[in-house]
Amino acid sequence: MSQTATTTTVRETAVHDLILVLADSKRLLGMRYAEWILGAPELETGIACASMAQDEWGHGRLLYALLKEVTDVDRLEHGREAHEYRNIEVLDHAPADWFDVVAINALVDQALTVQLEALTDSSYAPLKQRVAKLIEEERFHSAHGVAWLKRLAAAGDESRDRIRNAVTQTLAVTARWFGPDSDDARALVETGVAAAAGSALRQRYLDRVQPLLHLLGVDAAACANPDFAGFDPVARRTAGSAPDAATITRIRGDKNRMFLMD
Amino acid sequence: MQSRSVYEVFARKNRGEPLRHIGTVSAPDDELARVYAFSTYDEEKWFDMFVTPRDRLVEVFNRRDVIAAQEGA
């Protein structure tokens, strides 16, 4: 009896931690896309950013809602301090330019998809019921990033250098995001919540993005064994790091606080 | 940055229906044309969708001359 209770607790905790990591990452990713609806290099890509932002925010809301039994979702969405966010670190600051946006679009969106794919047969039914829809809805996201990445790689030496630098930096953070083979990672796999975690999932991700990296001459092997010094495996980010103040103000909707209804 | 072409976008809502022309996108290559068409026309739940560069549409005939003559008469 107590054995069962303990197992359930370990599993539930691991699931809730993972859901918050995914929800926060999607919320911030949506915001980064939205920032480029206006000012993108061409009209159609601005429309694509609007569409992707809408998808990510929808997914974020759906994932936050899965936590309503265990926490105050309203506080999750509008009341947290910067250090409580669990988004993938590369989204902490607004991308400097379109090259960074493309790198995020191609690499972060794919990382979230790889993570979701590990949950399609989850023992946690609420996740299992929803992830297929999320994966289906975002299948064109990384395709957009990849198409743009190829275009920038083919647009002369300067453009190619800039996209290669953006990809190299983004990849290091994204590969590390899958985390070490920690107790949390083991708990997810052993309880059947996820088909893979930690280094196994990271390798799956690196294999997936390998053709892109090859195109740019970026070495995936360099990211296969990240340095986890200072890494918080629960928040899936460097301990003590957080989104910047401007990001938090926007993501919490501070300017619209007076319009929040019960 | 390379030049862009106009792509015609076709889709249908249900299996077996005729393809319907639903609009255009401008894109530098097929790959971006696909994602632009998807995100620009994603308000409907389509069964399938296709793009083709406008200059790859092969004309069978047109009635421009006949219509012009009639309008001129």
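Where does helix 4 of chain A bend, and by about how many degrees?

Hi everyone. What we have here is a predicted model, so local features are described only where pLDDT is at least 70, side-chain atom pairs count only at pLDDT 80 or more, and totals for chains, interfaces and linings use all residues. Residues are numbered from 1 along each chain as its sequence is written, while chains are lettered from A and ligands numbered from 1 in the order in which they are written.

Let's start with confidence. The term pLDDT means the predictor's confidence in each residue, from 0 to 100. Chain A has a mean pLDDT of 93, with 96% of its residues at 70 or more. For chain B, the mean pLDDT is 93, and 96% of its residues reach 70 or more. The complex as a whole gets an ipTM of 0.83 and a pTM of 0.92 from the predictor. Among the elements of chain A, the lowest mean pLDDT, 86, belongs to helix 1 (residues 2-34), and the highest, 98, to helix 4 (residues 98-117).

Now back to helix 4 of chain A. The bend sits at A:Ile104 and comes to about 30 degrees. A bend at a residue is the angle between axes fitted to the seven residues ending there and the seven starting there. What about its span? The expected span of a helix is 1.5 Å times one less than its number of residues. For the 20 residues of helix 4 of chain A that gives 28 Å, and the end C-alpha atoms are 28 Å apart, so the two agree.

In helix 4 of chain A, 17 of the 20 residues are buried, so the helix is largely enclosed by the rest of the structure.

That leads us to the core. A nonpolar core is a set of buried Ala, Val, Leu, Ile, Met, Phe, Trp, Tyr and Cys residues joined through C-beta atoms within 7 Å. The largest one has 78 residues, and the members touching the most others are A:Val102, A:Ala103, A:Leu107, A:Leu149 and A:Ile163. Contact, by the way, means that the C-beta atoms of two residues, placed from the backbone, lie within 7 Å.

Take A:Leu107, which lies in helix 4 of chain A. A:Leu107 is buried, with 28 other C-beta atoms within 10 Å. Setting aside neighbours within four places in sequence, its contacts include A:Val167, A:Leu171 and A:Val209. Next, A:Ile163 is in helix 7 of chain A and is buried too, with 27 other C-beta atoms within 10 Å. Beyond four places in sequence, A:Ile163 touches A:Val102, A:Ala103 and A:Leu149, among others.

Helix 9 (residues 198-216) of chain A is my next stop. Its 19 residues reach 26 Å from first C-alpha to last, close to the 27 Å expected. There is a kink of about 55 degrees at A:Gln210, shortly before the proline A:Pro211. The buried residues of helix 9 of chain A, A:Tyr205 and A:Val209 among them, pack against helix 4, helix 6 and helix 7 of chain A.

Most residues other than glycine have a negative phi. A:Arg236, however, has a positive phi, near 60 degrees. A:Arg236 lies in the loop between strand 1 (231-232) and strand 2 (237-238) of chain A, and counts as buried, with 26 C-beta neighbours inside 10 Å.

Finally, how do the chains meet? The contact takes ten residues from chain A and 13 residues from chain B. On the chain A side, helix 2 (43-65) and helix 6 (139-153) are the elements that give two or more residues, and helix 6 of chain A provides the largest share, five residues.

Over in chain B, B:Phe50 is found in strand 3 (residues 48-53). B:Phe50 is partly exposed, with 13 other C-beta atoms within 10 Å, and beyond four places in sequence it touches B:Phe10 and B:Leu19.

Notes:
Buried ≥ 20, exposed ≤ 12 C-beta atoms within 10 Å, placed from the backbone. Helix = DSSP H or I, 4+ residues; strand = E, 2+ residues; numbered from the N terminus.
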